[in-house]
Amino acid sequence: MNKEVYFVLNYALNKGFQIHPNAYKILEGIDVKKLEKIIKEIVREKTRQKLFQINQDDVESYLGIKDDDSLQNEVKVLSDPTGKITTGEGVKGYNALFSSRFNKLKHIISERPESRFLKSLSVVKTAKSDDDVYVCGLVTSKSSERNIAKVVLEDPSGVLEGIIFDEELKKVAETLLIDQFVMAKVVMGKNSGFMIKDLIMPDVPDQATNKSESEVYAVFLSDLHIGSKYFMEKELSEFFEWISSSDPVAKKIRFVLIAGDLVDGVGIYPNQDKELVCQTIEEQLSKVEKLIAKIPKNVKIIIMPGNHDPGRRALPQPAIPKKYNSSIWEKENVIMVGNPSLVSLNGVKVLMFHGQSIDDIVKTTPGLSYDKPTDVMKHLLKARHLSPVYGSQTPIAPEMHDLMVIDEIPDIFHVGHVHKAQLDMYRGILLVNSGSWQKQTPFQASVGMTPNPGIALLVNLKTFQVFHENYNSNSDNILQS
Ligand code: D5M
Ligand code: FE
Ligand code: ZN
């Protein structure tokens, strides 16, 4: 033992105290300058109690690092597509999906005052009134020519093309996503065409946030890409080991959420095998199993699939199939959910979505980019839909019910996929893009995508304070928020 430490501990020994070896272990790791004060205070308290042994418990209680059994770790899965998948066939499925989307979002928008004046598109077209009316529908196309913008809406009764002259409103129209639901204020023009005077998104209302009663932390992760050559195994192991350390924050972690791309998968992109260190899903998942075994059992781990994980590729995705590694499924502290899912952590509602649709949205929407994924997340909340664009790069299954509508408003919105850790707030909702634990891949370098991997994001579920731990040694790798 270090001489200085021994000298300080002698203070207790000289007063007839015994120090348990487990207590020694913790005391040895403390800065000597602080140790003297700690020992004196513990000795004073124990002398008062007439107990002359210093135990692990005494030291942990003093340092505030004792495992606190009163900390809750209650997980409720509020919504998960896994058991609800009912994919329709061809045109029938497609029609069912869009009709479900329209009905769900019309119900959501009915809470807005303007919706009292809502009329169907066919009524508006036949009535030919001069008054302002409100209509709603899914955007089937948008375009901009010379000084006007055009938006075509469709509802179950028909189709309406509206034109926009107002400069500000044209900018709003440009950010509409194809197949998204929107309400519009329209008026008939002189030539019987329709002019759009306002565009209203379903959006989310301001509302009070649910908080956890006990002060516990949730860790937000995604895009580990285990099995890839670029997976940051050393850094993630180090972080998982920190979770079971005596750090006062680590001691209060009760949830770890993984929002997809747990593994790199097999056959996801051409010549992927050259970039893999584990060539099979089974090997990749057994590596996952070894890594998550480092996390203490009182921490609940929620695992959701992404586009690299095994199982169905089209959204919504059921949970990663059990057949590849049943022991992960059987772990008591692991909960496997589909993509997207809504979970409650001690009452705090977290909407988890891998984020595949971000690719389509940044490509077609002015002002949005891969560098600001939280702005795209705001866009999704305004549209109250996680993946509106059908038939582009993100595969969407023609479900009989649209499970991608954001029915319930979360307290935290957790997304990954674009490998850029970022935080923001929108109307009281904490937005977390959890980045990645995979270094920049050659593909990402070739398209100029710069991830900031190796940043662990932690949220105190009682105060909503956010902490981050950067495990990346590269000093340019920072969290922007
Ligand atoms: O995707 C990480 C990010 O990189 C995501 O924004 C998509 C983009 N990406 C990755 N591979 C491709 C290809 N082949 N084409 C287009 N965009 C791509 P991840 O899901 O981790 O692969
Ligand atoms: Fe990824
Ligand atoms: Zn992904």
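Predicted model: local features only at pLDDT ≥ 70, side-chain atom pairs only at ≥ 80, totals over all residues.
I then looked up polar contacts to the ligand. A polar side-chain atom of Asp 359 sits 2.8 Å from an oxygen atom of ligand 1. For Asp 261, a polar side-chain atom lies 3.1 Å from a ligand oxygen. The side chain of His 225 has an N or O atom 3.1 Å from an oxygen of ligand 1. I also checked cover: on its own, ligand 1 has 460 Å² of accessible area, and the protein covers 75% of that.

**Metals.** Next I looked up which residues coordinate the iron ion (ligand 2). They are Asp 223 through OD, His 225 through NE2, Asp 261 through OD and His 419 through NE2, at 1.9 to 2.3 Å. Asp 261 bridges the iron ion and the zinc ion (ligand 3). The two ions lie 3.2 Å apart.

I placed the two aspartates next. Asp 223 is in the loop between β9 (217–221) and α8 (233–243), and Asp 261 is in the loop between β10 (253–259) and α9 (281–292), so the pair ties together parts 38 residues apart in sequence. Both Asp 223 and Asp 261 are buried.

**Phe 98.** I found Phe 98 in helix α5 (residues 90–109). Its relative accessible area is 12%, which is under the 20% cut-off, so I noted Phe 98 as buried. Beyond its neighbours within four places in sequence, Phe 98 contacts Leu 138, Asp 179 and Tyr 390.

Definitions and conventions:
Residues numbered from 1 in each chain as written. Chains lettered and ligands numbered in written order. Heavy atoms only, no water. Donors = N, O, S within 2.8 Å, 3.2 Å for Na, K, Ca; no water. Helix = DSSP H or I, 4+ residues; strand = E, 2+ residues; numbered from the N terminus. Buried < 20%, exposed > 50% of the residue type's maximum accessible area, 1.4 Å probe, protein only. Contact = heavy atoms within 4.5 Å. Polar contact = N/O pair within 3.5 Å; in protein donor to acceptor, adjacent residues only side chain to side chain. Areas by Shrake-Rupley, 256 points an atom, 1.4 Å probe, with all protein chains shown as cover.
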